[in-house]
Amino acid sequence: MRVMLAEDSTLLREGLVRLLAEEGHRVEAAVGDGDALIAAVAEGPPDVVVVDVRMPPSHTDEGLRAALEIRRRWPDVGVLVLSQYVEKRYAAELITADTAGVGYLLKDRVAQVDEFLDALERVGAGGAAFDPEVVRRLLAAHGAQGDPLARLTPRERDVLDTMAQGHTNASIAAHLHISQSAVEKHVNAIFDKLDLSHATGYSRRVLAVLRYLGS
């Protein structure tokens, strides 16, 4: 795939460049701030951009704003966002923009090379990839009584957890070591309990994940 990187840490940026090149990907730009990333994409959109949430000058949300701008102007470009910490607002803002070709990983996940590359490839193929730790933190925030998510069984919560990471039913079955038909039953039960059984005009999977993220 053709990839562009935006990361202000030179060490991490150069490490990612080497890793991606070794895996056969073509890194077309590696920059240190969001504006430079947008300028590089404008010259020739890649398949995927990998961007840190916090970059110069203020180290707050420059990377996120660049990611959302790229999603708006070049919707076919996949966006994989890296963050040092679990930041619910950023994850929710990304997923509400559109889940196709979007990912959100903690930087620690980059050290898990196979998981990072799997997420990159899923995002590049138009799928979604959300860090399991991010998903667990978001799910833990929804344990209050009266929350529709509280009606889910432990296995249904596992299925929704894995769905929120961007996995298909077949991939969920493989991750949880259950049959695909069992996954389909759990997914339908999730839709029922979240009052999404009759939802039309939008993907019920997306709506379920949005409900899950509390956005």
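**Entry 1: a bridge to start from**

I began with valine 48, whose bridge partner in E4 is glycine 78. The labels I use for helices (H or I, at least four residues) and strands (E, at least two) are DSSP runs, numbered from the N terminus. My model is a predicted one, where local features need pLDDT of at least 70, side-chain atom pairs count only at pLDDT 80 or more, and totals for chains, interfaces and linings use all residues. Residues are numbered from 1 along each chain as its sequence is written, and side-chain values use heavy atoms, with hydrogens and water left out.

I followed E3 (residues 48–52) and found five of its five residues buried, meaning under 20% relative accessible area with a 1.4 Å probe, protein chains only. Which residues point which way from E3? Val48, Val50 and Asp52 point one way, while Val49 and Val51 point the other. I noted the background too: in a regular strand the side chains alternate between the two faces of the sheet.

Next I looked at the pairing. E3 is joined to E4 (residues 78–83) by five bridges, and the two run parallel. Aspartate 52 stands opposite leucine 82 of E4. Strand E1 (residues 2–6) is also parallel to E3, with four bridges joining them, and here alanine 6 stands opposite valine 51.

**Entry 2: the sheet**

I then stepped back to the open sheet of six strands, ordered E2-E1-E3-E4-E5-E6 with parallel pairing; two strands pair if DSSP finds at least two bridges between them. The edge strands are E2 (26–31) and E6 (128–130), each pairing on one side only. On average, neighbouring strands are turned by 15° against each other, direction ignored.

I also saw that E3, helix H3 (residues 62–73) and E4 make a right-handed β-α-β unit: with the strands pointing away from the viewer, the path from the first strand over the helix to the second runs clockwise.

**Entry 3: two helices meeting**

How do H8 and H9 pack? H8 (residues 169–176) and H9 (residues 180–193) meet at an angle of about 110°, with their axes 8 Å apart. They are therefore roughly perpendicular (65 to 115 degrees). Axes are lines fitted to C-alpha atoms, for helices over the stretch in contact, and angles run from 0 to 180 degrees between N-to-C directions. The contact (heavy atoms within 4.5 Å) includes Ile172 of H8 and Val183 of H9.

**Entry 4: the whole protein**

Note on methods
Angles under 35 degrees count as roughly parallel, over 145 as roughly antiparallel, 65 to 115 as roughly perpendicular and the rest as oblique. Buried means under 20% relative accessible area, exposed over 50%, partly exposed in between (1.4 Å probe, protein chains only).
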